[in-house]
Amino acid sequence: MTGLRYVYAVCRPFGTPLQSQLSGVAGDPPRALTHHGLVAVVSHVPERDFAEEPLRAHLEDLDWLTETARAHQGVIDALTTVTTPLPLRLGTVFRDDSGVRTMMEAREEDFQRTLDRLEGRVEWGVKVYAESEPQESARPAQKAASGRDYLRQRRMQTRSHEEMWQKAESFATRLHEELSAFAEDSRLHPPQNPALSKATGRNVLNAAYLVPRAHSEEFVEMVDRTKGEEVPGMRVELTGPWAAYSFAGEAT
């Protein structure tokens, strides 16, 4: 099959085959391309969609981007079950196998060093949200008797908001410190944009943790235990295990 080469990840050789029905970006099954003890997992993609100009245009198309990202992540997830992949950026494309091998040779030392650090480890994500509005009392709000009374009620509502967010941020800081002490490494990411994530509430913690796969159960139990400490209007979300996107360093 002709076409450009889409690269999902770089890893060390692995003996367990990927699922036979696994479909990659643009529907083409991924395959292994070996070079100097490293493996690039690639598939063929059509030039009409993945050459520089059409790819730039497609990256502005949310539907196309969502479909492509889902296929990309599907391959990464499959790799994570059989090896430790070093994920590459969405839309990493080369002209042919030779271009992929040239890239691998140029970055071989970086890839090997990062794979040494990530071997046998996975990424867990933890997010803490505070609802935008505090939970209302079961009784309906009393109608303001005057302008002064209205301002007093508004000050009380504002104070309630501020206290709730302060409690959530304090909880998130303490949680991050505890999880970071357990994990081998951690990353704080910017708060998620609710318009993109569709999650309700204010994101006060968006963090990733690098954990040995063998210790993942303990990590999950740590997060579960903290959920009993949540204040009203706050929630903790755990995702993973993922390939270690946040810790790929120079290889991303």
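Y209 is buried, with a relative accessible area of 0%; buried means under 20% relative accessible area, exposed over 50%, and partly exposed in between (1.4 Å probe, protein chains only). The model is predicted: local features need pLDDT of at least 70, side-chain atom pairs count only at pLDDT 80 or more, and totals for chains, interfaces and linings use all residues. Residues are numbered from 1 along each chain as its sequence is written, and side-chain values use heavy atoms, with hydrogens and water left out.

F219 is likewise buried, at a relative accessible area of 0%. The rings of Y209 and F219 have their centres 5.5 Å apart and their planes at 45°, so the pair is tilted. Here rings of Phe, Tyr and Trp (its six-membered ring) pair if their centres lie within 6.5 Å; planes under 30 degrees apart count as stacked, over 60 as edge-to-face and the rest as tilted. Y209 lies in strand β8 (residues 202-212) and F219 in helix α8, so this contact ties together parts that are 10 residues apart in sequence. Helices (H or I, at least four residues) and strands (E, at least two) are DSSP runs, numbered from the N terminus.

F219 also pairs with W124: the ring centres are 6.3 Å apart and the planes stand at 35°, so this pair too is tilted. Since W124 belongs to strand β6 (residues 121-130) and F219 to helix α8 (residues 216-226), the pair ties together parts that are 95 residues apart in sequence. Both W124 and F219 are buried. In total the structure holds 6 aromatic pairs, and ring pairs link Y6, Y8, F50 and W64 into a cluster. A further ring contact involves a charge: the charged end of R235 sits over the ring of Y129, 4.3 Å from its centre. This term requires NZ of Lys or CZ of Arg within 6 Å of the ring centre and within 35 degrees of the ring normal.

β8 is mostly covered, with 9 of its 11 residues buried. It runs antiparallel to β6, to which it is joined by 10 bridges; two strands pair if DSSP finds at least two bridges between them. Within this pairing, R121 has P212 of β8 as its bridge partner. Strand β7 (residues 185-188) is also antiparallel to β8, through 4 bridges, and the bridge partner of R187 in β8 is A208.

Of its 8 residues, 8 are buried, so β1 is largely enclosed by the rest of the structure. It is joined by 7 bridges to strand β3 (residues 38-45), and the two run antiparallel; V10 has A40 as its bridge partner in β3.

A search of the whole structure finds 1 cavity of 30 Å³ or more. On a 1 Å grid over the protein atoms alone, a cavity is a set of points where a 1.4 Å probe fits but cannot get out, and lining residues have an atom within 4 Å of a point. Grid points are joined across faces, edges and corners, and a volume is the space filled by probe spheres set on the points. The largest cavity holds about 30 Å³ of space and is lined by T80, T83, T84, P85, R121, R213, A243 and A244. This lining divides into 3 nonpolar, 3 polar and 2 charged residues; Ala, Val, Leu, Ile, Met, Phe, Trp, Tyr, Cys and Pro count as nonpolar, Asp, Glu, Lys and Arg as charged, and the others, Gly among them, as polar.

Most residues other than glycine have a negative phi, and most peptide bonds are trans. A26, in the loop between β1 and β2, has a positive phi of about 65° although it is not a glycine, and at 54% relative accessibility A26 counts as exposed. H36, in the loop between β2 (31-35) and β3, has a positive phi near 55° and is partly exposed, with a relative accessible area of 47%. The C-alpha atoms of H36 and E108, 72 residues apart along the chain, are separated by 8.3 Å. Finally, a cis peptide bond joins G240 and P241, with omega about 0°; P241 lies in strand β9 (residues 234-242).

Key: On a 1 Å grid over the protein atoms alone, a cavity is a set of points where a 1.4 Å probe fits but cannot get out, and a pocket is an open set with protein on both sides within 12 Å along at least five of seven lines; lining residues have an atom within 4 Å of a point.
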